[in-house]
Amino acid sequence: MAFEPPRRLVRALGETAPDGDGWLERLPELARQAVALRELTVERVQVPGGRSSLVVLVRRADGSPAVLKLAPPRARPLSERVALAHWGGRGAVQVLDEADPAEGVLLLERLHPDVSVRSLPEAKALLEAAGALRRLWVEPPAGHRFETVAERTGRQAEAMRSAAAADPEAAPLVEAALAIREELLVRPPEGVLLHGTFRQSKVLAGDRMPWLAVGPDPVVGESAFDLARLVRDRVEDLIAQPSGAATTRRRIKRLAESLEVDQERLRGWTLFRAVESGVRARRVGREKDAELLLEFAGWL
């Protein structure tokens, strides 16, 4: 079978490594080797798939369904494997094999890839997504090497400063986001293991449990950081509403109360993450996404 990477993956990796790193060129052969090593039968490549990995629906030698996921080193597949193993299937997809994660290959439990909580009505989707997220917030494994929220946002802050210097329109929002980050890091709550890139589309229907999280980019820190990305889910719908700003404030309040997170810390991390995503989208030419995110951030 030809392991042609979906256009969405090619485009997304081109944004993060415009000069290329060779992984996409090697991907078809990497996929063939992974399939042969595990004696898998390929059904199809998942399309449109993710933005940082190739997802292939397969069957194991015993006929059971599974998912083969191949990701480049910059997607931190080893961190993903360690986090998934630590969760042990509690709220997240399970790892099915013990192969060397250094090759960027994961064999995972098969969920229903075309059914995410995003398919539910908005209020129900938020409720189910929040419930799945809560189960992931556990103490990290002893001796872990996960990135911390301070470290990750520190890298992002440097890129934001550079972007603001070249984009006077976004500069006031960047300044506000950087200032609130500094405040939030002064006395953060005790850190837990976080999904890192959580949103509604990262929660898929399963057989073992109704909803399970996939695709973490794990990080250790306060839960408000994780929840902040969920606040802006369906941002295009929020922006289209005349009452979008009020709806956002209500969403922050409802999510903070339901998951016992400090409301002001959630608002602060929501602002930081929205601005960071907005300036990054503008930097790579996704102007429509940038406008939506920065307008959303202006409400906070």
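In this predicted model, residue L184 lies in helix α6, which comprises residues 171-184. L184 has a relative accessible area of 6% and is buried, because this value falls under the 20% limit. When neighbours within four places in sequence are set aside, the contacts of L184 are with E222, R265, G268 and W269. The C-alpha atom of L184 is separated by 43 Å from that of E4, a residue 180 positions away along the chain.

Two of these contact residues, R265 and W269, also take part in the packing of helix α10 against helix α7. The axes of α7 (residues 223-231) and α10 (residues 263-283) come within 8 Å and cross at roughly 65 degrees, and the crossing is right-handed. On the α7 side the contacts are made by A224, F225, D226, L227, A228, R229 and V231, which meet R265, L266, W269, T270 and R273 of α10.

A further helix pair is formed by α4 and α9 (residues 244-258), whose axes come within 11 Å and cross at roughly 35 degrees. This crossing, too, is right-handed.

The loop between α4 (122-136) and α5 (149-166) contains F146. With a relative accessible area of 7%, F146 is buried, since the value is under 20%. Beyond the neighbours within four places in sequence, F146 is in contact with S79, V82, A83, P141, E151, L193, P218 and V220. The C-alpha atoms of F146 and L78 are separated by 10.0 Å, although the two residues are 68 positions apart along the chain.

Turning to the strands, an open sheet is formed by four of them in the order β1-β2-β3-β4, with antiparallel pairing. Its edges are β1 (41-45) and β4, each of which pairs on one side only. On average, and with direction ignored, neighbouring strands of this sheet are turned by 30 degrees against each other. Helix α2 packs on the sheet and touches β1, β2, β3 and β4, its direction making about 145 degrees with that of β3. Within the sheet, β2 (residues 54-59) and β3 run antiparallel and are joined by six bridges, with K69 of β3 as the bridge partner of V55. Strand β3 (residues 65-70) is in turn connected to β4 by five bridges, again in the antiparallel sense, and here V67 has L108 of β4 as its bridge partner. Strand β4 (residues 105-109) is mostly covered, five of its five residues being buried. Helix α3 (residues 77-87) lies across β3 and β4 and runs at about 30 degrees to β4.

Helix α2, which packs on this four-stranded sheet, contains 16 residues (23-38), and at 1.5 Å a residue these should span 22 Å; the end C-alpha atoms are 21 Å apart, in agreement with that expectation.

Definitions and conventions: Residues are numbered from 1 along each chain as its sequence is written. This is a predicted model: local features need pLDDT of at least 70, side-chain atom pairs count only at pLDDT 80 or more; totals for chains, interfaces and linings use all residues. Side-chain values use heavy atoms; hydrogens and water are left out. Helices (H or I, at least four residues) and strands (E, at least two) are DSSP runs, numbered from the N terminus. The expected span of a helix is 1.5 Å times one less than its number of residues. Axes are lines fitted to C-alpha atoms, for helices over the stretch in contact, and angles run from 0 to 180 degrees between N-to-C directions. A crossing is left-handed if the near helix is turned anticlockwise from the far one by less than a right angle, and right-handed if clockwise. Contact means heavy atoms within 4.5 Å. Buried means under 20% relative accessible area, exposed over 50%, partly exposed in between (1.4 Å probe, protein chains only). Two strands pair if DSSP finds at least two bridges between them.
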